[in-house]
Each structure stands twice: as C-alpha cells, then as structure tokens.
Amino acid sequence: MSEAAHIHPEVAVSHDVHHGGDHGHHHQSFITKYIFSTDHKMIGKQFLITGIIWAIVGGLFSVLFRLQLGYPGQTFPILETFFGNYAEGGLIKPEFYYALVTMHGTILVFFVLTAGLSGTFANLLIPLQVGARDMASPFINMLSYWFFWLASIVMLASMFTQTGPASGGWTMYPPLSALRQAGDGSKIGADLWLVSMALFIVSALMGGLNYISTILNMRTKGMSMTRLPLPIWALFFTAVLGVLSFPVLLSGAILLLFDRNLGTSFYLSDIVINGEILPNEGGSAILYQHLFWFLGHPEVYIILLPAMGMVSEILSVHSRKPIFGYMAMLGSLFAIAILSFLVWAHHMFVTGLNPFLGSVFVLLTLLIAVPSAIKVFNWLTTLWRGNIRFTPATLFAIGFVSLFISGGLTGIFLGNSTIDIHLHDTMFVVAHFHIVMGVASMFGMHAGIYHWFPKMYGRYLNNTLGYLHFWVTIIGAYLIFWPMHYQGLAGIPRRYLDKSSWLSFNEFGELDKMITVVSIVVFAAQLMFVFNFFYSIFKGRKVTNPNPWGANTLEWSTPINPGHGNWEGEIPEVHRWAYDYGKDGREFIPQTEPIGANESKH
Amino acid sequence: MQTFFIVVILALGFLITFQIAKASEYVGIMRGEEKSRKQTNKVNAFLLLIFLIGGMIGVYYCNERLKGKILGAPASDHGVNIDTMLYITIAITGVVFFITQIILFWFSFKYQESDKRKAYYYPHNNKLELIWTVIPAITLTVLVGFGIFYWFKITGEAPKNAMVVEITGSQFKWEYRYPGKDKILGKKYFKQIDDAANNQLGQLWDDPANHDDIYVTGEPMHLVVNRPVKLVIGAKDVIHDVGLPHFRMKMDAVPGTPTTMWFTPTKTTKQMREETNNPAFMFEISCDQMCGRGHFGMRGEIIVENQEEYDAWILSKKPKYLTVFPDKDPAKQKADTTKPAAATVARN
C-alpha cells in the first residue's frame with residue numbers, strides 16, 4: 001500500500017506534458033509493476049485475467065448443470081470425486097444444482113461481464129483513447145481492482161462452506177434468501193454472497209467515478225466530446241449507469257443482511273416456514289425486487305453498452321469506412337442509458353404489480369427497441385459498400401450484431417406484459433437473455449480482446465485458433481439457445497432440473513441432450529481460446545507495426561509496448577473525429593493529423 | 001479408466017489443433033503474409049454466407065421438429081388473447097429478423113475486402129436515419145397498443161359471477177380453499193397456522209364465513225368449464241408462482257401480499273384428453289418462481305368439468321370447520337348428541 005501511495009505523486013507529475021518524456025524509466029519492482037500497479041493498462045489486464053478465470057469457473061458450472069438437464073438421473077462418478085457429498089454417487093443433488101445455477105449467474109453477470117468486460121476495457125481504452133497518461137485517480141483505480149479481488153475471494157470462499165454457496169438464484173429474492181430455514185443455500189452462503197456483492201459494488205463505484213472523471217476532465221487537446229471514439233462514449237454511459245444504480249443494489253443487499261441477521265422485517269411478513277411461525281410483520285418481499293431490478297435492468301446495459309461501443313469501433317476500422325451516423329449512435333446510447341432506468345418493473349409484471357403501472361412499463365420497455373433498432377441499422381449501413389477485413393475481431397463483431405438482433409427481437413415478446421404472463425420465468429426468458437446479454441456481450445468482449453490484444457501485450461493471438469473459436473462459438477450459441485425458445489413457448493419453467501414428473505414439460509428429452517452436448521463443445525472451444533490467450537502473451541507473433549489495423553484512434557499512436565504514461569514525449573493533439581476512413585481516397589487518417597487545406601467536409 | 005481415456009483424447013485433440021494452428025501461421029508467413037491473409041478473408045466471407053443459408057435451413061428445421069411439442073390451443077379465454085398477441089409479435093419480429101439477418105450476412109459477404117473496390121466514405125444520412133427511427137417507432141406503437149388492450153382485459157376486475165378459489169403455496173406443495181355456500185372466504189391470520197390443530201391455513205374460526213369453507217389438498221383443484229374463476233393467491237414461506245401453462249396464466253404467490261388472477265377455462269379435462277389423444281392428460285399447476293430445493297417438483301393439478309360434475313364433487317367435501325369441530329356437524333349432531341366435549345378437545 002505504501003509503495004502504491006508513493007507512486008501516486010509521480011503519476012500526477014507525469015500528467016504534466018513537459019515531464020512526459022522521462023516517464024516510464026523510473027524503477028519498478030515486481031510488486032508495483034504487476035500486483036499493486038497503478039498503471040491503467042496493467043489494472044485492465046488484471047481485470048481481464050481475473051475475469052477469464054471466473055469465466056472458466058462459471059462456464060464449467062453451466063456444463064455441470066447442463067449434464068443434469070440433458071441426462072437427468074444419470075450418474076457421473078467423476079462428479080463425486082470432485083464435489084463429494086454434493087454429488088453423492090455421482091448424482092447431482094437439487095441443492096447442488098441450484099447452487100451451480102446461482103453461482104453461474106452471479107459469476108457471469110457480475111464478475112465476468114461487468115468486471116471482466118467493462119472493467120478491462122474501461123481501464124485499457126479510456127486513457128489511451130482520450131489521450132491521457134492515466135486515470136484521474138490511479139490509486140483509487142487500483143483499489144477498484146483490489147475490492148473486486150476481495151469480492152472474488154469472499155464469493156469463492158462461500159463455495160467451500162459446509163452448507164454451500166447461495167442457491168436462491170442470482171436475483172436472490174427474499175424470503176427464500178432471507179430465511180436460513182428455507183434451504184442450505186440460505187445459510188452462511190447467502191451472507192457471504194451479500195458481503196461479496198457489497199465489496200463488488202464498492203469496486204464498481206470506484207472504477208465508475210474514475211472513468212467518468214477521466215473522460216470529462218482528461219481529454220487531450222482537441223479531443224472534444226464529439227470527437228471521442230464510440231467505445232469511450234459507451235464506457236462513459238456504462239459508468240454513469242453503474243454509479244447511479246449500484247448504490248440501490250447496495251441498499252437492497254444491506255437491508256437483506258439486516259433481515260437475515262438483525263431481526264428486521266424489511267422484506268418479511270406473514271411467514272410460516274417448516275411449521276415455525278416467524279414474528280415478522282409488515283415487510284414487503286416485493287420491495288427487494290424493486291431495489292434489485294432498479295440496478296438489475298441498468299446492469300443489462302452496463303454489460304451490453306461497452307460491447308456495443310467496441311463493436312461500433314471494430315466494424316468501422318475493419319470495413320475501412322466511418323461508422324454510419326456517429327451522432328445517431330451517440331444519441332441512441334444516450335436514449336438507452338436513460339430508458340434503462342425506467343423499465344425495471346418489466347421483470348415484475350406477474351408479482352401482483354398494479355396493472356396500470358405495468359402498462360406504463362410496457363410502453364417504456366418497448367421504447368428501448370427504437371434506439372436499439374437505430375444501432376442495428378447503422379451497423380448494417382457501416383458494412384454496406386465497405387472493404388471488410390475478416391479478422392477474428394471483425395467476425396465476433398458481426399456475430400454480436402446477429403445475436404443482438406435475435407435476442408433483441410425476443411425482448412419485444414417479453415417486454416409486452418400480455419405475452420409475458422405466459423412466458424415469464426420460462427425457458428424463453430433464459431434463451432432471450434442469454435442470447436442478447438450473455439452471448440452477445442461475450443462476443444463483444446472477444447471482439448475487444450482480439451482487436452486490442454496487440455496493444456495489451458505487443459503480440460498477436462493465433463489467428464487460426466481465433467477463427468475456429470469464432471465459428472464453434474457462434475454455431476454453438478445458436479444451437480443451444482435457439483431451440484430453447486420452444487421449451488419456453490411450451491411453458492417449461494426456469495430452474496427445473498428434472499421434468500420427468502410433469503405431463504406437460506417432458507417432451508424435450510432429445511433436445512436437452514443435444515443442448516448439453518453442444519454446450520460441452522462450446523466450453524471446450526473457450527478453453528482453447530484461454531490457452532491461445534496465455535500462450536500468445538509469451539509466445540505470440542510479435543507486433544512490428546505500431547498501428548497494425550490501420551486505425552485512427554490515439555492508442556495506436558503510442559509505442560508498441562507503452563510504458564506507464566503511455567506516450568513518450570508529449571501527448572498528441574487531436575484534430576478530427578476518429579472515423580475518417582476512406583476519405584478523399586485515403587485509407588485512413590489518424591486523429592492526430594491536422595485537417596488538410598483541400599480536405600472535403602463530411 | 002474411461003474418464004481417463006476421454007481426458008487423454010481431449011488433450012490430444014487440443015494439442016493437434018494447436019499444432020495445426022501454429023503451423024498454419026508459419027506457412028502463412030512463408031507464403032507471404034498479405035497473400036495468405038487475403039485468402040483467409042475469402043474463406044471467412046464464404047463461411048458467413050454458408051452460415052446464413054445453414055442458419056435459415058436450421059430455423060426451418062427446428063420449427064418443423066418442435067412446433068408440435070408446444071402446448072397446443074389455449075384452454076382459457078385469456079389464453080386465446082395471449083396467443084393472438086404472441087402470433088402478431090412473431091409475425092412482425094419474424095419479418096424484421098429475416099430481413100436484418102440476411103442483410104447482415106449478405107453485406108458481409110458482398111463487401112469483403114477486394115483490391116478492386118475502395119470503401120465508400122458515407123458517414124451519415126439524416127433522411128435514412130429518420131426513416132429507421134420512425135418505422136420501428138410506429139410498429140412498436142401498434143404492438144404496445146394491442147398489448148395494453150389485452151393486458152387490461154386480462155388484469156381487469158373479475159366478472160361478478162366468477163367463482164372464487166384460494167390457492168396457497170408453501171415449500172413444496174399447493175393447498176386450495178373453496179368459500180362454500182356463502183361465497184366468502186373466511187378471514188385467516190398466519191399466526192393461527194397449526195398443522196397439529198388441523199388448521200393449515202390459519203383460518204379464524206370466530207369468523208362465521210369460515211364455517212363453510214372447504215379445504216382441499218393432495219388432490220386436483222376442480223373448476224367449472226366456461227365459468228370465470230378468480231384465484232386468490234397466497235404463500236406461507238417464500239415466493240412461489242401459480243403457473244398455468246395451458247391457460248397461459250401466471251401470478252406470483254407472495255407471503256404477506258395476497259394476489260389475484262382470473263380467467264375462464266374453456267375446455268374440460270375430458271375434452272383435452274380427446275383433443276390431445278392422451279388419456280392421461282391433466283391441467284398442471286407449476287411453480288414458476290424459484291422456491292428452494294424442491295422447486296422443480298412443486299406440482300398441482302386442475303380438473304375442469306361441467307357444473308353437475310363439479311357440484312357432485314363439492315358436495316362430497318366437508319367444510320374444514322366441521323372436521324375441526326365434529327360436534328358442530330349437523331349430520332353428526334343428529335346421529336350422536338352425547339359428546340359435547342369434543343370441541344374443546346380439538347381446540348387444544
């Protein structure tokens with residue numbers, strides 16, 4: 001800590017452009033460079049690698065519960081070897097199944113797609129693309145990572161408790177999550193889940209405030225807000241959403257901790273559990289859902305917006321064309337950010353919500369489809385008459401658009417309260433949000449990793465493995481989630497680990513097997529990517545051209561392996577927007593190039 | 001041993017894939033990076049086109065395989081409305097889906113990198129952008145309009161002649177209560193719940209409305225065909241959800257906050273058995289809100305029958321009050337008037 005603290009003034013000094021030249025030469029020990037680093041690039045890598053580790057854990061969990069869904073009642077002796085009495089005789093117990101589902105959701109939504117995606121790229125891209133030497137407060141930025149790390153440790157610890165981790169679903173609705181008597185997952189696991197989440201929120205707030213202040217205050221000369229590359233705008237709105245909505249989840253989590261441990265009745269009323277009459281009266285279980293979804297819905301966009309921003313950038317760079325409708329893209333980002341705060345109750349249409357209120361939320365929810373449609377049409381027009389280079393990043397970006405269309409359209413079903421009555425909490429919902437938020441954002445993240453890996457490590461990822469990764473993943477994603485909609489239309493509820501006792505739901509045995517097999521294949525492809533990632537950090541082909549993609553943005557004006565402070569010498573000045581591709585017969589014009597005398601206007 | 005071999009085979013597969021990938025990179029460099037990059041570009045552009053065509057065939061095939069497995073025609077009046085709304089939405093989103101996906105992959109294929117073409121500098125076009133703001137907005141207005149129209153129809157007040165049934169969820173079963181002749185559900189209070197005293201719902205016996213209420217559990221709920229029913233929904237411990245897939249209805253059961261929902265069953269169980277050619281057919285109640293380890297097996301059943309059948313069934317049921325206080329039973333009082341002390345015993 002003290003070492004980190006004494007670095008801070010140095011970093012502050014380095015913001016002064018005149019001293020930039022001798023930056024990066026000061027001595028750094030292993031600890032200050034790789035562990036308690038205040039360099040935004042290193043912190044970004046820390047977020048990414050932690051996120052990758054979590055993604056492996058969360059992905060593995062999904063494979064395990066898919067085994068149960070595809071082959072209910074079958075024994076897998078290997079599971080007993082690893083999980084002991086959770087899987088006695090190799091059979092996944094219901095408690096274990098629900099713990100897996102809950103952890104899968106929590107890990108993927110918060111640790112992978114919030115910290116791993118937005119944490120990584122906000123850290124990496126914001127200073128590099130706005131032209132700053134580091135974040136507004138590198139020290140708080142470092143703390144942001146370490147709070148995330150603490151949250152990770154607490155969550156991990158909960159998996160090794162005797163009664164297991166939280167198992168009330170990733171939404172953790174009380175009273176199920178509030179009452180120890182309700183199940184094993186509602187014992188110590190739930191407390192640890194809440195503590196971990198509180199730490200995570202602290203991390204998200206520290207990160208978010210830093211991102212906002214860096215973008216607003218530390219742009220280089222000439223970098224007006226409307227010259228910012230779209231990933232920065234997306235990350236800006238993401239940070240705003242996080243700062244405004246995460247505290248609400250924190251309050252929800254703390255009230256739940258009180259109900260669990262201090263005998264309060266915020267969420268509890270009229271409860272008799274296992275014959276025991278509880279004294280609580282007057283609380284509302286629905287209050288938690290309001291608090292949860294007031295974060296929960298913006299959270300969807302916290303996950304999705306960075307992916308959208310990066311996809312916009314990558315599609316433009318690799319089709320060698322400006323992004324179509326920059327201002328419209330910006331406006332739609334803004335509209336999505338605003339609307340995302342006004343739609344949370346569409347998760348609660350069947351909780352007994354006042355029908356009039358429900359109808360207002362229908363209107364606001366379906367309104368989000370308008371900015372989303374604008375974005376899709378603009379991406380399509382960006383590809384039109386381009387000269388597209390299919391790097392793995394481009395393919396993942398195209399895959400993102402395809403998945404966003406598919407998953408976005410099914411959102412129109414669920415946002416409509418009338419249809420939601422039937423489809424609520426069925427497999428249709430699972431299919432919808434996995435496509436539009438889970439897989440699509442994961443595609444955005446992969447696109448970002450393939451695109452900026454050369455900037456992160458000065459080496460390339462192996463392309464062949466990259467292509468294989470893309471094709472297996474997109475085909476697999478559609479095979480897994482497309483037919484799942486039909487299960488939802490058949491009314492099959494979520495979180496049913498065995499449907500054999502039901503007359504209406506037991507017709508999909510073959511399908512469940514197919515989905516399980518495909519998910520194992522897709523998981524293997526992700527492991528291959530992880531291998532490629534770590535192998536290429538050390539052995540990948542070296543980058544020789546500081547601007548390998550021929551891109552306009554500032555990060556490519558830094559040295560191939562930029563030190564702390566990013567630019568040797570002065571921070572470059574910006575003279576134009578980031579999307580002058582194919583203008584006046586020139587393939588690309590970097591932002592740093594002054595406007596020529598005879599240049600045409602756009 | 002088998003697991004070991006699977007692991008070895010997987011590891012080998014990994015290794016081989018990786019070696020090929022590494023080799024292909026070297027070969028690429030030897031043949032000239034630019035040339036091999038262009039070739040890969042062509043391959044991937046072609047694959048995108050194949051993916052589009054394959055995907056469209058897949059969508060068709062998937063529909064052919066699975067469309068027969070979804071529930072069939074709805075068995076309630078609201079269900080018909082919900083299905084209509086569903087099919088309107090499928091039609092509209094389906095058109096958008098096919099158009100945009102085809103454009104996405106077709107553009108990707110058509111505008112793949114070529115030495116002959118220069119990318120077209122086309123940063124914006126306000127007219128185009130206005131068009132694709134207005135068209136989705138209008139389409140969505142239509143959807144919202146239909147949606148809210150049906151929504152108010154479904155969530156509005158239940159008709160006056162609706163029968164009332166109370167349904168209560170707890171880990172992991174459903175219990176039902178019928179209001180009896182007075183058509184009023186008696187008051188209850190959760191602190192009176194006592195399985196030992198045979199008062200599973202916490203009914204307050206001071207309330208005379210409770211005296212004819214009929215409690216049913218462990219057997220199907222009975223409803224009358226073509227007669228609206230209003231369900232009064234509650235929960236004892238955690239949140240559950242009354243899911244009625246065949247009626248297309250759903251409502252949470254929240255402890256402390258009673259909810260309601262109403263609908264009119266339009267098909268009897270017998271009719272459904274004939275229609276589906278399945279003599280074992282039953283309307284099922286599924287719990288749709290995660291409620292603990294037994295969530296996936298929290299199943300209830302509903303029998304929809306005609307009025308006479310229903311009357312016969314309900315007449316065979318004795319009000320709960322009379323089971324708890326057998327001495328108050330008029331039938332019993334006639335037969336056996338010599339044991340007036342039974343009531344106090346049961347009360348304790």
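Here is a short chat about how some labels on this predicted model are reached.

Colleague: Before the labels, what are the ground rules on numbering and confidence?
Modeller: Residues are numbered from 1 along each chain as its sequence is written, while chains are lettered from A and ligands numbered from 1 in the order in which they are written. This is a predicted model, where local features need pLDDT of at least 70, side-chain atom pairs count only at pLDDT 80 or more, and totals for chains, interfaces and linings use all residues.

Colleague: What about B:Lys183 and B:Arg248, buried or exposed?
Modeller: B:Lys183 has 12 C-beta neighbours inside 10 Å, so it counts as exposed. B:Arg248 has 26 other C-beta atoms within 10 Å, so that one is buried.

Colleague: What makes their phi values worth a remark?
Modeller: Most residues other than glycine have a negative phi, and most peptide bonds are trans. Phi of B:Lys183 is near 60°, in the loop between E2 and strand E3 (214-217) of chain B. B:Arg248 is at about 65°, again positive and not a glycine, in the loop between E6 and E7 of chain B.

Colleague: Where are the cis peptide bonds, then?
Modeller: One runs from A:Pro174 to A:Pro175, with omega near 0°; A:Pro175 is in the loop between helix H6 (138-158) and helix H7 (188-217) of chain A. Another joins B:Gln171 and B:Phe172, with omega about -10°.

Colleague: What makes a set of residues a nonpolar core, and how many are in the largest?
Modeller: A nonpolar core is a set of buried Ala, Val, Leu, Ile, Met, Phe, Trp, Tyr and Cys residues joined through C-beta atoms within 7 Å. The largest one has 266 residues, with A:Phe400 and A:Ala440 having the most contacts inside it. Its largest share, 23 residues, is from helix H5 (residues 94-130) of chain A. A:Phe400 touches A:Ala307, A:Val311 and A:Ala440, among others beyond four places in sequence.

Colleague: How do you know how H5(A) and H15(A) cross?
Modeller: Axes are lines fitted to C-alpha atoms, for helices over the stretch in contact, and angles run from 0 to 180 degrees between N-to-C directions. H5(A) and helix H15 (residues 427-457) of chain A come out at about 35°, with axes 11 Å apart. Left-handed means the near helix is turned anticlockwise from the far one by less than a right angle, and right-handed means clockwise; this crossing is left-handed.

Technical notes. Buried ≥ 20, exposed ≤ 12 C-beta atoms within 10 Å, placed from the backbone. Helix = DSSP H or I, 4+ residues; strand = E, 2+ residues; numbered from the N terminus. Contact = placed C-beta atoms within 7 Å.
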